[in-house]
Amino acid sequence: MANVLDAKRFAVHAGSAHLLSGGALFEVAAIHAHEWYGSPQNDIAVLEMKEPFQYSQYIQPIELMDEEVPLGSEVVISGYGRVGSTEPPSPDLLYTSMFVVDDENCHGVSPGLLCIDKEGSYGACNGDSGGPAVYNGKLAGVANFIIDYCGGDYADGYAKVSHYLDWIRKFMK
């Protein structure tokens with residue numbers, strides 16, 4: 001069974017690519033962690049907001065991926081995480097392109113895992129957990145884990161949205 005997380009300790013920043021300015025903070029009413037969470041399996045949660053987002057030029061919904069992302073496909077990841085294993089988090093939203101690879105590259109095979117990699121020393125880092133992997137404008141993955149260190153020699157693991165789609169939809173109103 002998943003641990004219960006206190007929604008009062010969380011907020012969602014939306015509407016700006018700068019964490020410390022612009023945009024707005026939205027309060028979280030409840031956090032629905034996957035009931036079979038067991039790191040790194042089923043590492044996904046749905047946040048229930050106190051108020052609906054007010055869509056604008058800078059705040060828009062994203063469609064959820066409902067099929068497998070083909071191996072070798074380019075995905076875009078983003079987040080405010082650390083800019084290196086020993087560096088501070090970024091106040092600016094950073095993003096980069098990565099590519100879908102075989103699950104074995106994440107040191108495990110799971111139907112709920114989207115394994116992505118890159119050439120070079122960049123990728124997800126501490127603080128990026130929960131961030132998106134977007135494919136063709138759809139949310140394909142949710143950042144779960146890195147192996148060893150940020151931008152290391154191993155692929156990064158993301159929860160595969162298409163695998164969890166029925167579970168996610170249980171919480172959507």
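Ile 77 has its place in strand 5, where helices (H or I, at least four residues) and strands (E, at least two) are DSSP runs numbered from the N terminus. With a relative accessible area of 5%, Ile 77 is buried, a word that here stands for under 20% relative accessible area, with exposed over 50% and partly exposed in between (1.4 Å probe, protein chains only). The model is predicted, so local features need pLDDT of at least 70 and side-chain atom pairs count only at pLDDT 80 or more, while totals for chains, interfaces and linings use all residues. Residues are numbered from 1 along each chain as its sequence is written, and side-chain values use heavy atoms, with hydrogens and water left out.

**Nonpolar cores**

- The largest nonpolar core has 14 residues, and Ile 77 is listed with Val 69, Val 75, Leu 114, Ile 116 and Tyr 158 as having the most contacts inside it; such a core is a set of buried Ala, Val, Leu, Ile, Met, Phe, Trp, Tyr and Cys residues joined through side-chain atoms within 4.5 Å.
- At least two residues of this core come from each of strand 5 (74-79), strand 6 (94-101), strand 7 (113-117), strand 8 (132-135) and strand 9 (138-145).
- Another core, of eleven residues, lies apart from it and includes Val 46, Leu 139, Val 142 and Ile 168.
- Leaving out residues up to four places away in sequence, Ile 77 touches, among others, Leu 94, Met 98, Ile 116 and Tyr 158, contact meaning heavy atoms within 4.5 Å.

**Disulfides**

- The structure holds two disulfides, each being a pair of cysteine sulfur atoms within 2.5 Å.
- One of them is formed by Cys 106 and Cys 115, with sulfur atoms 2.1 Å apart, and the torsion about its S-S bond is about 110°, so this disulfide is right-handed.
- Cys 106 counts as buried at 4% relative accessibility, and Cys 115 counts as buried at 1%.
- Cys 125 is joined to Cys 150 by a disulfide with an S to S distance of 1.7 Å, and this link is right-handed, with 65° about the S-S bond.
- The pair links distant parts of the chain, 25 residues apart, with Cys 125 in the loop between strand 7 and strand 8 and Cys 150 in the loop between strand 9 and strand 10 (156-160).

- An open sheet of three strands has the order 1-2-3 with antiparallel pairing, two strands being paired if DSSP finds at least two bridges between them.
- Its edge strands, strand 1 (11-14) and strand 3 (45-49), each pair on one side only.
- Strand 2 (residues 24-33) and strand 3 run antiparallel and are joined by five bridges, and Ala 33 has Ala 45 in strand 3 as its bridge partner.
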